[in-house]
Amino acid sequence: CVAGQEEVNQLTTTSDRSCRACPAGKTDADSNPSTACVACGSGHYIPEGSIGSCNSLRCSAGFTDADSDPKTACVACNGISNYSPTPGRSGNCLAMRVCQAGEEVTQDGSSTANRGCQACATGAYSTSTNSECETCDTCLANQYRTVDCSTKTNVACSNCDTCDPSASTPKTLKTACSETENTKCEDCDVCTLSTHFRKAQCTATEQTQCQKLTLCSSEQFQTRQPSLTQDRLCQ
């Protein structure tokens with residue numbers, strides 16, 4: 001008998017010894033055919049005629065004994081959704097970690113190693129799984145921020161409104177657009193013609209300027225009548 005076999009019948013004076021290969025699931029652990037083949041448990045692949053210890057015939061890292069039967073071949077983990085980091089695994093491969101939105105991949109997974117993830121740093125974000133973090137946008141000078149940067153969301157910006165003093169209801173600036181607030185407008189003032197005249201018309205950024213009308217004294221007489229845009233003149 002040779003290594004990888006076991007003796008079935010001993011040599012006698014009248015008959016030759018008989019040998020057989022170690023069956024699948026068993027190994028010739030000591031390479032001595034005079035001793036019985038040794039059965040190995042799950043986590044191994046032991047084809048017929050195997051030689052060596054059970055430990056030396058374990059499924060390698062990156063593989064698993066999927067059906068826990070040492071007679072069948074080890075199955076490779078795909079390195080995308082699953083892996084096996086150590087030899088001798090049985091059952092399913094380990095599930096690969098999935099980096100979530102708000103995280104980024106620090107180490108790609110493989111058939112023998114899990115995927116590495118870490119949270120996006122301040123000022124960066126990711127919105128999909130197993131991706132890289134990106135730097136959050138910055139709003140332009142004429143914009144304000146409607147959504148703040150977070151690890152899961154980019155900044156969102158909107159254009160600042162402009163007040164329109166020529167609209168059907170004239171508007172002028174009340175509060176300027178800020179980093180997080182839109183422009184606020186208010187109605188342009190209308191001067192009371194009986195007591196005031198308009199010194200300056202409202203603009204997109206300046207309110208109407210009304211000035212009180214001059215009153216002629218008892219010793220004066222009016223030389224120019226007041227209008228919407230002019231004061232009374234006295235002499």
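The following conversation asks how several terms are applied to one predicted model.

Colleague: What should I keep in mind about the numbering and the values?

Modeller: Residues are numbered from 1 along each chain as its sequence is written, and side-chain values use heavy atoms, with hydrogens and water left out. This is a predicted model, in which local features need pLDDT of at least 70 and side-chain atom pairs count only at pLDDT 80 or more, while totals for chains, interfaces and linings use all residues.

Colleague: Why is Thr35 called partly exposed?

Modeller: Buried means under 20% relative accessible area and exposed means over 50%, with partly exposed in between, using a 1.4 Å probe and protein chains only. Thr35 has a relative accessible area of 29%, so it is partly exposed.

Colleague: Where does Thr35 sit, and which residues does it touch?

Modeller: Thr35 is placed in the loop between strand 3 and strand 4, where strands (E, at least two residues) are DSSP runs numbered from the N terminus. Not counting residues up to four places away in sequence, Thr35 touches Glu6 and Asp30, a contact meaning heavy atoms within 4.5 Å.

Colleague: What makes the link between the side chains of Thr35 and Asp30 a polar contact?

Modeller: A polar contact is a pair of N or O atoms within 3.5 Å; within protein, one must be able to donate a hydrogen and the other to accept it, and residues adjacent in sequence count only if both atoms are side-chain atoms. The side chains of Thr35 and Asp30 are joined at 2.9 Å, so the distance falls within 3.5 Å.

Colleague: How do you know that Cys59 and Cys74 form a disulfide?

Modeller: A disulfide is a pair of cysteine sulfur atoms within 2.5 Å, and the sulfur atoms of Cys59 and Cys74 are 2.0 Å apart, so the pair qualifies. The structure holds 14 disulfides.

Colleague: Why is the disulfide of Cys59 and Cys74 called left-handed?

Modeller: The torsion about its S-S bond is about -85 degrees, so the disulfide of Cys59 and Cys74 is left-handed. This pair links distant parts of the chain, with Cys59 in the loop between strand 5 and strand 6 and Cys74 in the loop between strand 6 and strand 7.

Definitions and conventions. Helix = DSSP H or I, 4+ residues; strand = E, 2+ residues; numbered from the N terminus.
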